Amino acid sequence: MPDNKKISMSVVRRLPRYYRFLLEFKNNGIYRISSKALADKMGTSASQIRQDLNCFGGFGQQGYGYDVPKLFDEISAILGLSNQYKAILLGAGNLGRAIVNHVFFQSRGFELTAIFDKNPQLIGSCINGMTVLDVSGLEDFCRQNTVDTAILCLPKESAEQIVDILYRSGIRSFWNFSHLDLSMKYSDVITENVHLNDSLMTLCCCITAAREESALPSDRPEKTEASHSSKS
Ligand code: NAI
C-alpha cells in the first residue's frame, strides 16, 4: 500500500462507504462490478471512484471492472480492520450502552476490553456480556493492560477530567462523543469526533436548500451547483 499519510481525509472518509457497499455486493453474490455500475449504486461518479482508488494503486482492470471480494479485502486492509486495537469505553449511560450493544467493534478494527462508569448503580452491571468497572480503577487498568483508544460517552465536564487521566496513561486516540474539543487541549492526539446533532443540522440545511430551490420560479436559469444529497 502506498504512503497513507498523503491521502486526503476526504478520501479516507469515503472508504467506509466503499467498504459497506462492497460487503453488501459480496453478501448478495456480486463478484465483479464495473466502475460505472459501482458509481450508479453508490450515487457517485465513475471518475470519483477511479480517483479515490488510484490513491491506493487502482485495483480495477480495463474492460473487466473491479473484482468485488479482492477490492473488499484491499479496502479492509487500507482501513486497517484486522488490527483489533484495544478500546475502552467511559460512561455506561444511554449512549455508552447503545454503543456497546450496537457497534461491530471486532469487524471494524477494534476490541472493546473494558467499560467504566462512576455510578455505583451501574458498576458491576452487565452490558452485552461485559461487566461495568469502577472508574476509580482506570489508571491501574491502563497501567496493567494495553489500551489504544478510549471511547468517550461522558458529559463534557467529566470528560475533561477523565481525558487528563487517559492522556497521562499514554492514550493518544479517542472516539469522542462528549462535547469536548480534545484537539484544543492536546495537539498530539488522534480524535474522531461524532456529533449526531451536527448530522441532523446538515440534513436540515439540505432540506431547506432543496425546498428553496424548488420554490424558484421556473423561468429562472437552471442552477449549476451539485445536488444536495448528503451521503455518509
Ligand atoms: P447519561 O447520563 O445516560 O450517561 C452518562 C454516564 O457517564 C453516566 O452513566 C454517568 O454515571 C457517567 N459518568 C459521568 N461522569 C463520569 C466519570 N467522571 N467517570 C465515569 N463515568 C462518568 O448520558 P448519555 O445520554 O449517555 O450521554 C453521555 C454524553 O454524551 C452526554 O454528555 C451527551 O451530551 C453526549 N452525547 C453526545 C452525542 C453525540 O452525538 N456526540 C449523542 C448523545 C449524547
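This is a predicted model: local features need pLDDT of at least 70, side-chain atom pairs count only at pLDDT 80 or more; totals for chains, interfaces and linings use all residues.
**Entry 1: where α1 meets α2**

From α1 come R17, Y18, F21 and F25. From α2 come L38, K41 and M42. I then sorted the residues of this contact by class. I counted 5 nonpolar and 2 charged residues, and no polar ones.

Next I checked the geometry. Helix α1 covers residues 9-27, and helix α2 covers residues 35-42. Their axes come within 11 Å. They cross at roughly 105°. Angles of 65 to 115 degrees count as roughly perpendicular. So I noted α1 as roughly perpendicular to α2.

**Entry 2: where α2 meets α3**

I moved along to helix α3, residues 46-54. At what angle do the axes of α2 and α3 cross? I found roughly 105°. The two axes come within 8 Å. These helices are therefore roughly perpendicular to each other too.

I listed the residues on both sides. In α2 they are S35, K36, L38 and A39. In α3 they are A46, I49 and R50. By class, the contact of α2 with α3 has 4 nonpolar residues, 1 polar residue and 2 charged residues.

**Entry 3: around the ligand**

I turned to the ligand. How many residues surround the ligand? I noted 21. The closest are L95, D117, S158, V194 and L196.

**Entry 4: polar atoms at the ligand**

I looked up some distances between polar atoms of the protein and the ligand.

- V194 places a backbone N or O atom 2.5 Å from a nitrogen atom of the ligand.
- S158 uses its side chain: a polar atom there lies 2.8 Å from a ligand nitrogen atom.
- N94 has a polar backbone atom 2.9 Å from an oxygen atom of the ligand.

How much of the ligand's accessible area does the protein cover? On its own, the ligand has 850 Å² of accessible area. The protein covers 76% of that.

**Entry 5: which elements line the ligand**

Last, I asked which elements give two or more residues to the shell around the ligand. They are α5 (94-102) and α7 (156-168). Helix α7 gives the most, with 3 residues.

Methods. Residues are numbered from 1 along each chain as its sequence is written. Side-chain values use heavy atoms; hydrogens and water are left out. A residue is near a molecule or strand if one of its heavy atoms lies within 4 Å of it. A polar contact is a pair of N or O atoms within 3.5 Å; within protein, one must be able to donate a hydrogen and the other to accept it, and residues adjacent in sequence count only if both atoms are side-chain atoms. Accessible areas come from the Shrake-Rupley method with a 1.4 Å probe; for residues, only the protein chains shown count as cover. Helices (H or I, at least four residues) and strands (E, at least two) are DSSP runs, numbered from the N terminus. Axes are lines fitted to C-alpha atoms, for helices over the stretch in contact, and angles run from 0 to 180 degrees between N-to-C directions. Angles under 35 degrees count as roughly parallel, over 145 as roughly antiparallel, 65 to 115 as roughly perpendicular and the rest as oblique. Contact means heavy atoms within 4.5 Å. Ala, Val, Leu, Ile, Met, Phe, Trp, Tyr, Cys and Pro count as nonpolar, Asp, Glu, Lys and Arg as charged, and the others, Gly among them, as polar.
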